[in-house]
Amino acid sequence: RSPLVNWAANELNLSVEAGDLSKNPHPFGQIPCLTDDNGVLVFESGAILNYLQSKAADKGMHGDKKMAEVSSWISWANASLDPICFLETPDGKVYDTGLKNQNKRIQRLDDLLSKSPFLVDGEFSLADVAVASYLLYVIQFFPDVELHSKWPNVVRYMKECAGREGYGKAFGERVQAFCVARLGEMESGAGKEKKLFGMF
């Protein structure tokens, strides 16, 4: 999930550098993990996004109201959206996606996105980085999933987020091109049997 941290940094014009994985200070040796000046250590993607958001707030980019809303969406993405997007066995192996079936939370998300292009104040924010990252991971791992008939506004939203320059820089041009094309196929009703091999 580390590319989503890079995506967030790209959108905020914050500089991050890759560290030496052999010296990863994460308590469990996992990624993403972020270090900053004065001994700051932040791990888990949601916590890192909130930290980056606070750095942006220091530059006057966010007020308290927007900070709170963005933080809430980041928490929702990790606590509620992740388990919907990726169904896991008891030992933590992903075996399917919950987006193949109707879901009340995703329907509510679609309703919200029918009234606004993005999640907070109609403007792109780290709330969208968090939420769209999980949604876009789904079509990378399960490229035959069909979403448009159930949630057309979610598909439009995913395509808009995937097309952003910051997303392409973080995830790579190949992944970006695939996501945009696959979502376009969903919108047009074409390519339902198309699958992508060898992405990862």
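Relative accessible area sorts residues into buried (under 20%), exposed (over 50%) and partly exposed (in between), using a 1.4 Å probe and protein chains only. This is a predicted model, in which local features need pLDDT of at least 70, side-chain atom pairs count only at pLDDT 80 or more, and totals for chains, interfaces and linings use all residues. Residues are numbered from 1 along each chain as its sequence is written, and side-chain values use heavy atoms, with hydrogens and water left out.

**Exercise 1.** Locate Glu44 and classify its accessibility.

Step 1. Glu44 lies in the loop between β2 (40–43) and α2 (45–58); helices (H or I, at least four residues) and strands (E, at least two) are DSSP runs, numbered from the N terminus.
Step 2. Its phi is near 80°, a positive value in a residue other than glycine.
Step 3. Glu44 counts as partly exposed because its relative accessibility is 41%.

**Exercise 2.** Describe the surroundings of Asp128.

Step 1. Asp128 belongs to helix α5.
Step 2. Although buried, Asp128 has no salt bridge (a side-chain nitrogen of Lys or Arg within 4 Å of a carboxyl oxygen of Asp or Glu). The nearest side chain of opposite charge, Arg164, is 7.4 Å away; here Lys and Arg count as positive and Asp and Glu as negative, while His and the chain ends are not counted.
Step 3. Beyond four places in sequence, the residues that Asp128 touches (heavy atoms within 4.5 Å) include Trp7, Phe118 and Cys161.
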